[in-house]
Amino acid sequence: MVEMIAQTSSLSIEDVMQQVAEHKGCGTSGGSGKASCGSSAGQGDLPTEIWEKVKNHPCYSEEAHHHFARMHVAVAPACNIQCNYCNRKYDCANESRPGVVSEKLTPEQAAKKVVAVASVIPQMTVLGIAGPGDPLANPAKTFQTFELVAKGAPDIKLCLSTNGLALPEYVDRIAQYNIDHVTITINMVDPEVGAKIYPWIFWNHKRYTGVEAARILSEHQLRGLEMLTERGILCKVNSVMIPGVNDKHLVEVNKAVKSRGAFLHNIMPLISAPEHGTVFGLNGQRGPTAQELKVLQDECQGEMNMMRHCRQCRADAVGLLGEDRSAEFTTDKIMAMDVNYDLEARRTYQEAVEEERQAKVAAKHEELAKLAGEESDISLLVAVATKGSGLINEHFGHAKEFQIYELSTSGAKFVGHRRVDMYCQGGYGEEDTLETVIRAINDCHAVFVAKIGGCPKADLVKAGIEPVDGSAHEFIEKSALAWFKEYLAKVASGEIVHVSRGDAQIRQGALISAA
Amino acid sequence: MAYKIVSSQCTSCSACEAECPNVAISEKGGTFVIDPKKCTECIGYFETAQCVAVCPVDNTCIIDTAYPRYQAKA
């Protein structure tokens with residue numbers, strides 16, 4: 001650390017602090033190859049103005065997503081395109097899961113909701129508009145909401161997520177409202193591929209279909225991306241991985257968006273089941289397996305930073321990613337709330353969260369130092385039950401998802417998460433559910449939990465997954481690396497033999513909030 | 001002389017409301033309705049009916065046979 005500071009003595013103290021905090025979900029800066037991001041290499045790291053934009057944005061920073069929360073307001077119901085993975089009759093399969101219909105809000109209701117949530121959840125730092133249609137197909141409602149929120153809650157970052165069709169038209173307005181994060185869903189750059197994903201678009205008062213529709217959409221998406229990055233607005237690109245349709249093609253998409261200055265690429269698995277009533281669901285189009293997704297993400301990782309922590313959340317989600325507190329903030333409840341927006345209290349709280357985050361990074365470095373000198377080709381995955389804050393703090397039976405880390409002698413890398421149905425329902429475990437949990441983390445060597453019962457423990461061992469409950473409430477990366485060091489020692493001594501694990505399933509069903 | 005919206009099919013997404021050149025569409029009881037007195041089937045404005053073209057659910061904006069087809073004024 002001393003060395004690093006010495007090397008970077010020409011930088012300001014903020015520059016050094018951002019390197020210490022080691023931000024991960026960070027960016028690329030033109031040219032080819034992945035930019036380093038807050039790594040110990042230090043040089044070429046994020047400029048201060050970009051760090052300020054992402055350090056507490058859970059979607060743009062993997063590091064931040066353990067600590068900071070976001071919310072979406074569903075003010076934009078209209079859409080200007082049709083996607084084969086979306087069924088508007090039952091809400092969008094990817095953004096608002098079927099069976100859980102979002103409450104539509106007016107801009108006034110939305111602004112009140114944002115202020116109310118920000119008062120109750122001080123680590124809520126980001127407001128996004130993501131639908132349930134397309135924000136830019138509802139420009140009046142979308143921009144009015146941003147205007148009202150900027151007045152009522154000036155410290156909140158604004159962002160929006162769009163299919164990009166209307167983007168070139170609205171780039172200047174986006175800049176004018178200080179929206180400094182925009183996500184564009186780009187599933188293809190080849191209209192022939194696009195024709196298999198988009199049956200039609202509505203543009204310039206006309207419905208276009210087939211290859212022509214996909215060509216117009218693709219041109220607008222890429223032009224919109226260029227216009228945004230020219231104006232210094234951070235862009236994330238979302239892509240839905242559809243096996244046999246665009247899976248191999250997404251490598252080309254990755255190159256195209258990287259060359260146009262996209263900051264982060266998020267490749268998400270297709271969510272597809274017949275009950276969603278989508279074209280893909282009904283014609284039996286499958287989603288990728290966990291390993292297929294990871295292989296593609298790893299392939300693109302060499303080109304730019306990949307988002308691995310996306311939860312494909314609802315257009316009205318509230319809370320940390322992976323957590324949904326929207327039921328606490330229905331319109332009825334908000335209208336009855338006595339709201340006191342305390343900017344100072346929010347700032348103090350967020351400073352405490354920042355300290356916690358830095359403690360987590362320091363703990364990881366400490367453990368990484370202990371691994372120094374170890375050499376091994378072994379790389380494996382482990383699953384972690386966590387409620388957030390970067391700690392192993394969830395019981396196995398209460399986990400609604402597991403975070404997945406890849407361990408090697410170069411460190412612990414967050415590579416994804418797996419949703420599961422809670423194993424423990426009302427005090428007793430469900431054997432059927434346990435099987436689905438095991439299938440979801442079947443490619444892992446171990447699962448770290450705060451606590452676990454005797455029965456599931458035995459079944460996990462039988463399935464070849466080691467349950468680890470000795471490091472409850474400790475930092476994830478520190479504990480995982482300590483376990484990995486022991487694992488390597490056991491392999492070296494011949495006590496155990498390292499074997500590779502198989503593939504795992506990505507859960508497809510609707511995730512009904514248990515709140 | 002007008003289109004109508006099949007309310008059981010309407011997702012209430014509001015896309016048609018903004019596209020209607022006659023301001024004939026409004027929300028009523030949770031879904032959207034077309035005022036047959038104002039609807040011109042987009043004749044005089046666009047080649048195709050805008051509500052039909054933008055609606056995410058097929059066969060939801062349909063010709064209302066209770067009215068004679070709209071005739072553009074000479």
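Analyst: **The core and its surroundings**

Apart from neighbours within four places in sequence, Cys235(A) has contacts (C-beta atoms, placed from the backbone, within 7 Å) with Val182(A), Ile184(A), Leu225(A), Leu228(A), Thr229(A), Ala262(A) and Phe263(A). The model is predicted: local features need pLDDT of at least 70 and side-chain atom pairs count only at pLDDT 80 or more, while totals for chains, interfaces and linings use all residues. Residues are numbered from 1 along each chain as its sequence is written, and chains are lettered from A and ligands numbered from 1 in the order in which they are written.

Cys235(A) is among the residues with the most contacts inside the largest nonpolar core, which has 157 residues; Val114(A), Val382(A), Tyr405(A), Ile441(A), Val447(A) and Ala480(A) are the others named. Such a core is a set of buried Ala, Val, Leu, Ile, Met, Phe, Trp, Tyr and Cys residues joined through C-beta atoms within 7 Å. A residue is buried if 20 or more other C-beta atoms lie within 10 Å of its own, exposed if 12 or fewer, and partly exposed in between, with C-beta atoms placed from the backbone. Helix α5 (residues 107–120) of chain A gives this core its largest share, seven residues. Helices (H or I, at least four residues) and strands (E, at least two) are DSSP runs, numbered from the N terminus. In soluble globular proteins, nonpolar side chains tend to be buried together.

Strands pair if DSSP finds at least two bridges between them. With strand β12 (residues 401–408) of chain A, β11(A) forms five bridges in the antiparallel sense, and there Val382(A) stands opposite Tyr405(A). Strand β16 (residues 446–448) of chain A runs parallel to β11(A) and is joined to it by three bridges; Ala446(A) is the partner of Val382(A) in β16(A).

Helix α12 (residues 290–301) of chain A has Ala290(A), Leu293(A), Lys294(A), Leu296(A), Gln297(A) and Cys300(A) buried. These buried residues line one face of the helix, because they fall within an arc of 165° when seen down its axis, the arc being that of the directions from the helix axis to the C-beta atoms. Val295(A) and Asp298(A), on the other side of α12(A), are exposed. The cover over the buried residues of α12(A) includes β8 (234–241), α10 (250–259), β9 (264–269) and β13 (411–419) of chain A.

Note on methods:
Two residues are in contact if their C-beta atoms, placed from the backbone, lie within 7 Å.
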